[in-house]
Amino acid sequence: KQWYQRRVRGRTFADDTGDDPSRVGAAENPLLSGDLTTTVQFTGKNYEMQRMANRISNSGNDRALVQAFGEIRLMASRLNASQGIIDRANKLFKDMTASKALRGRSTEANCAACLYIACNQEGATRTFKEICAACTVTKKQIGKSFKLILRVLNTSVDIIKTGDFMSRFCSNLDIGHKAQTVATAVARQAVDLDIVAGKVPVTVAAAAIYFTCLAMDIDKSAKDIGDVAGVAETTIKQTFRTMYPSKDKLFPADFEPKVNLDNIAAK
């Protein structure tokens, strides 16, 4: 009985060989400031109690953050994003919440915009279409939140390049490292020679992969590539036709196509 009285405040779920009288509950999130389960109302002059009341008054904000963090984690899981990306997106959202600039805007759109920025800043760039596919808001809504976040937090994202997508797209298409290397070179040359001016990087990357697959006789259609890249089949073919007249300048000097490039113009 004496042992029970001494240890009553200690609770443990350690194994039989351990002694871990720790309290149960989730690990504290450093981005949250209060206790989400306690609701106390107090008015008075006692300093300690007043401090506790002030702390707990923040629980409403914390609940909103927890909800937003859950949204971000769910979207990130659909994108196979890393924990580092999730942490950065959470921090962006918390900073924006503190600025009060997000009031009146869709929480899901704000979360999606934070995730888009975090992916870019962590070197795992995603397209707006990929972000849209992981949530239920439109590209326009995400875009508005994206611009607001960049302005309020005075942050930036790197200029998106074709190479940001090439590895992921080629891996998802399972076309091999050699094809990826050739497609990367084709896309880079098309940009450097100003052949695809006005085309977004993801479209150029998709068209370069399509061109490479044709040249290497790899059985991947424009539709197959479009499904992975989030680009319309017709857009890929149009961009390919823009690139085709410069075929002799696009491929690496040591590249040996498996088909006659003169015979793929009508593809």
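Start at Asp227, which is exposed, with a relative accessible area of 55%. The structure here is a predicted model. Asp227 has a partner: Lys223 forms a salt bridge with it, and the closest N and O atoms are 3.1 Å apart. Lys223 is partly exposed, at 46% relative accessibility. Both Lys223 and Asp227 lie in helix H11. They are four residues apart, about one turn of the helix.

Now step back to the whole fold. The protein has 13 helices and zero strands. Read from the N terminus, the elements run α-α-α-α-α-α-α-α-α-α-α-α-α. There are 267 residues in the protein, and buried residues make up 39% of them.

Next comes the interior. In soluble globular proteins, nonpolar side chains tend to be buried together. The largest nonpolar core in this model holds 40 residues. Which of its residues touch the most other members? They are Met166, Val186, Ile209, Phe211, Met243 and Phe251. Five helices can be named as suppliers of at least two core residues each: H8 (163–173), H9 (177–192), H10 (201–215), H11 (222–229) and H12 (233–243). Which helix gives the largest share? That is H10, with twelve residues. Helix H11, where the Lys223 and Asp227 pair sits, is thus also on the list of core suppliers.

Return to the charges. The salt bridges come to six. One of them joins Lys237 and Glu233, with the closest N and O atoms 3.5 Å apart. This pair belongs to helix H12. Its spacing is four residues, about one turn of the helix. How accessible are the two ends? Lys237 is partly exposed, with a relative accessible area of 23%. Glu233 is partly exposed too, at 35% relative accessibility.

Another salt bridge links Lys247 with Asp262. Here the closest N and O atoms are 3.6 Å apart. Lys247 lies in helix H13 (residues 247–250), while Asp262 lies in the segment after H13, so the pair ties together parts that are 15 residues apart in sequence. Is each end buried or exposed? Lys247 counts as buried because its relative accessibility is 14%, which is under the 20% cut-off. Asp262 counts as exposed, at 53%, since the limit for that class is over 50%.

Val196 is 46 residues away from Thr242 along the chain.

Arg151 is found in helix H7, which spans residues 139–153. Is Arg151 buried or exposed? Arg151 is exposed, because its relative accessible area is 60%.

How values were computed: Residues numbered from 1 in each chain as written. Predicted model: local features only at pLDDT ≥ 70, side-chain atom pairs only at ≥ 80, totals over all residues. Heavy atoms only, no water. Buried < 20%, exposed > 50% of the residue type's maximum accessible area, 1.4 Å probe, protein only. Core = buried A, V, L, I, M, F, W, Y, C linked by side-chain atoms within 4.5 Å. Salt bridge = Lys/Arg side-chain N within 4 Å of Asp/Glu carboxyl O.
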